[in-house]
Each structure stands twice: as structure tokens, then as C-alpha cells.
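These are my notebook entries from an afternoon of looking things up in one structure. I wrote them down in the order in which I checked them.

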Amino acid sequence: MSDESQILSEALPCDGWEPKADDRETLDQHVSEKPAPHLSGAPDGGLTAWLVVVAVNLVLFSTFGIANTWGVFQAYYKENILRHSSPSNIAWIGSAQYALVYFPALATGRMFDLGYFKIPCFTASCVIIASAFLTAECTQFWQFFLVQGLSLGVCCGIIVGPALVVISHWFDGKRGLAMSLAAIGASIGSTVFPATAQKLIPLIGFKWTMRVFGFILLVTLGTANILLKRRLPPVNAFGGLFNLKAFRNTPYVILCIAGILAFLGLYTELTYISVSAVAIGVSKNFAFYIIAIANGASTFGRLSAGLMADKVGALNTMAVFTAMSGIMTFAWPFATNESQLIAIATIYGFSSGGFVALFAVAAVAMGDMEDAGRRVGMFMSLAAFGAIAGPPISGAISTASGGFADAGFYAGTYPGGIIMFAAGLLLLARYLHLASLWGKC
């Protein structure tokens, strides 16, 4: 008996019976909750699939790119517009932006599963572009926090979660490669925006620099909205925004904890490395480029992580790359000259890209495809708590200890040690998922 016949036999009590309106609603709901086609049918290539990768690349260029430029804004605001505010207070703008790139995924992941995809992405894109232009007009802390921290951050989050999941509609065996190629957009954007700011602010001023950013976002997000496309039909999977049943899967729970801890430490170095560069005597002009160097190195890290993940598994790859990031976070506060700082920024950028490029791949693999959007969304929303708390905690430690070199004493437990602990949890999740010490995962 086919699936449709079985559903009809359950819904209709006898032959020849004609269902009433209420009964039709029950039958429609029953059919709507059928599982979507399995991911094994993913084409793993083709023009449409690769154009979707290009679209996600542009989305991440525009969202993570602008968010990962915060280190440049942190240094500029401290020296100019918000010079009377402490680094820890200013960091709340960037940490709110970081966190909100992830937090809305709890809602948008569920909306994606239900079929709400194009309209939310288009609306959020319009607000992101408007926020770039409005940031140019801000002069006070609360204005920057509302526009650059909250508004821009929330709308970036509305786009990012569904964009990461939609790649899994089109790729299975090459999912790691496709995800890493898309994730390269974040590192390219994180290189282009800081370098552009460094060049343009002295020439045309902060206001017009932000307006230039707005026009760049208009082109990239406009193109992305045209090319984004889902393959699988929407499915009304059981439950609401938060699927507590997912937490019966122990490896998934450990992955979520690892995500919180990793983001608690990962963005610390990216936020403060340009500020610490000025503190050890690096020229202000070159200090801006430290962010671009780290983000440029992240391009190669993301691509390498994707290729490696298709061979040995996402969790295995994430654990190695995350451990490298932890080591570099230990070393960063003790850099004493420009050469050391460049070396640390390069290795850190390369390694940190692995975790960011693959966390969605790992979350998708830990359950059914029809619930993938919600599962990735729950992971990202939980990880947001680490992203919002990390930079301000590090800023408070730096302020209390009198400098970044002294803050290195605390790096034994935070943030470097906490990143290393996250890497260990990734290995534990991998072991529990495979029930074996060896294997692809």
C-alpha cells in the first residue's frame, strides 16, 4: 500500500464516505506533516546548485563580512567618536552584532522549514542596507548600539541561518566543499571592508565610508536575493520553534555546548587585536590591516576545512582547527612586535575559519533533513550567548589588568583555555555520534 493510500485509509472510516470541511483540515494537516524527500536526492552540482552557493557566498560576504570588521570600528571609535567610553563599553556594540547574527536563527530556521524564506531575506536585506547609511549619521553610543549593534545584527541573523541550511538542499557528498566555498564570502568580506575603511576614512571621512559600504551591500545582497533558491518542499515538522526532542541526542547537546564555549572565546582576538597592536607600538595605519590579514587568512582556512571535512568529517576537522585557534589566542597577548602579531593573526585567521565554516554541516548531520533549519537555528541561537558575552568579558579583564600583556595571565582559563575545552567537547561529540574512536564524522 502506498503512503498516500495508507494516509487515506487512516483518515476515511469507510468506502464512499465524503469528508466534511473539518475532516479535510485534519487530512491536509496529516499530509503536510509527511517527511520531505530525503537528502540523498541532492544533485551535488549543476548550474542552479552552484548559483545557490554563489548567493550564499554573497550573503556571508555582506553579513559576516561587516560583522567581522568590528575590530576596525572598535579602534576607530575608541580613538575618535567614542573616545570617552571604555573599550569594554564600546565592545558591547560589536558583541551584540556578533550575537545577533546567530540568535534570530531560532526563529528563521523554523520559518525556513515551513517555507518562509524569500520574503524575510528580502526584508532583512533592505534593513541592512538602510542601517549602513544610518550608521554614518550616528554620533553617540546609544545610537551606534541601536543601529549598528541591534538593527544590523538582527537582520544579518535573519538571512544567515536559512542561507547556511539551503546549501544542504543541493549538496550531500560535496556538502563540506560547497559550504566552505560559500563561507569564503565571509572572509573575503572581512578583508574587503576593513581595507576599504582604512583607505577611505582618511580620504572621504567616516560618514561617506559608511555610505560606500551601503552601496556595496546594495549590490551584493540584491544579487543574492535573486539567486537564492530552495530545492526541497516546506515541511511542517512536529513542534514549535524549539524542538526539545533534539536534545535527546547527546552528541547534538555536546555540539551546542561546544558552540557556546567556542564563540565565548573565538571573537575576542578578532575584536581587540588591532587595539593591542597600537598598544605595543604598531602604527595606527597598519593596525587597521591586522584585521584584514586575519580575515584574509581565514579564506584559505575555510576552503581547507571544507576539503578536509569531505574526507575525514566535519567534527574531526572542526576539532583540529578550533584547537589551533585556542593556541593562537593563548599566544596573542604576549606578542611584542609587528612581525609576531602578523604571524599570530595569520595562523589565527586560518584556523578560526574552520569552525565557522563547518558548524552548520555538523548540526545538519545530527538529524533528519526536514528539521535541519530548526536544528541549525537552535545551535546558532545558543552559540549567540557566547558571542555576546565574550568580547566584553575580555575587555573588562584587559581594563582591570592594565593592558593586553597582563591579560595574557588570564588566558590560561579565558579565552584561550575555553576554546581548547570546546575543541575537546567536539571530539567527545564525535566519539558519541560514532560510538567509536576512529571514523569519519
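This is a predicted model: local features need pLDDT of at least 70, side-chain atom pairs count only at pLDDT 80 or more; totals for chains, interfaces and linings use all residues.

**Entry 1: H12 and H13.** I began with the way two helices pass each other, and I noted that H12 passes H13 in a left-handed crossing. Helix H12 covers residues 314–331 and helix H13 covers residues 338–364, and I found them packed at an angle of about 145 degrees, with their axes 8 Å apart. When I looked up who makes the contact, the H12 side included Leu315, Met318, Phe321 and Met328, while the H13 side included Ile344, Tyr348, Phe355 and Leu358. Sorted by class, the contact of H12 with H13 has 16 nonpolar and seven polar residues, and no charged residues.

**Entry 2: two partners of H9.** I next looked at helix H9, residues 175–227, whose axis comes within 8 Å of the axis of helix H11, residues 284–312, with a crossing of roughly 175 degrees. An angle over 145 degrees counts as roughly antiparallel, and therefore H9 is roughly antiparallel to H11. I counted the classes here too, and the contact of H9 with H11 has 14 nonpolar, 12 polar and four charged residues. I then turned to helix H3, residues 47–67, and noted that the axes of H3 and H9 come within 3 Å and cross at roughly 35 degrees. For the contact of H3 with H9, I wrote down 28 nonpolar and eight polar residues, with no charged ones.

**Entry 3: Phe286.** I picked Phe286, which has its place in helix H11. Is Phe286 buried, exposed or partly exposed? Its relative accessible area is 23%, so I recorded Phe286 as partly exposed. Setting aside neighbours within four places in sequence, I found Phe286 in contact with Ile293, Glu338 and Ile342. Phe286 and Glu338 lie 52 residues apart along the chain, yet their C-alpha atoms are separated by 9.3 Å.

**Entry 4: Cys156.** Cys156 has a relative accessible area of 0%, so I recorded Cys156 as buried. Which residues does Cys156 contact, leaving aside neighbours within four places in sequence? I listed Thr63, Ile66, Val101 and Ile128. I also checked Ser125, which is 31 residues from Cys156 in sequence and 7.8 Å away, C-alpha to C-alpha.

**Entry 5: helix H6.** I looked at helix H6, residues 105–114, and found it mostly covered, with seven of its 10 residues buried. Among the buried ones are Leu106 and Phe112, and also Arg110 and Asp113. After H6 comes Gly115, and I noted that its phi is positive, near 105 degrees.

**Entry 6: the whole chain and its confidence.** I ended with totals, and the secondary structure comes to 16 helices and zero strands. Of the 441 residues, 56% count as buried. Among contacts with a separation of 6 or more, 83% join residues 24 or more positions apart. The average pLDDT is 80, and 84% of the residues score at least 70. However, pLDDT stays under 50 over residues 1–39, a stretch with 35 contacts beyond four places in sequence. I marked residues 406–412 in my notes as well, where the pLDDT is below 50 and the model has 15 contacts beyond near neighbours in sequence.

Methods: Residues are numbered from 1 along each chain as its sequence is written. Side-chain values use heavy atoms; hydrogens and water are left out. Axes are lines fitted to C-alpha atoms, for helices over the stretch in contact, and angles run from 0 to 180 degrees between N-to-C directions. Helices (H or I, at least four residues) and strands (E, at least two) are DSSP runs, numbered from the N terminus. Angles under 35 degrees count as roughly parallel, over 145 as roughly antiparallel, 65 to 115 as roughly perpendicular and the rest as oblique. Ala, Val, Leu, Ile, Met, Phe, Trp, Tyr, Cys and Pro count as nonpolar, Asp, Glu, Lys and Arg as charged, and the others, Gly among them, as polar. pLDDT is the predictor's confidence in each residue, from 0 to 100. Contact means heavy atoms within 4.5 Å. A crossing is left-handed if the near helix is turned anticlockwise from the far one by less than a right angle, and right-handed if clockwise. Buried means under 20% relative accessible area, exposed over 50%, partly exposed in between (1.4 Å probe, protein chains only).
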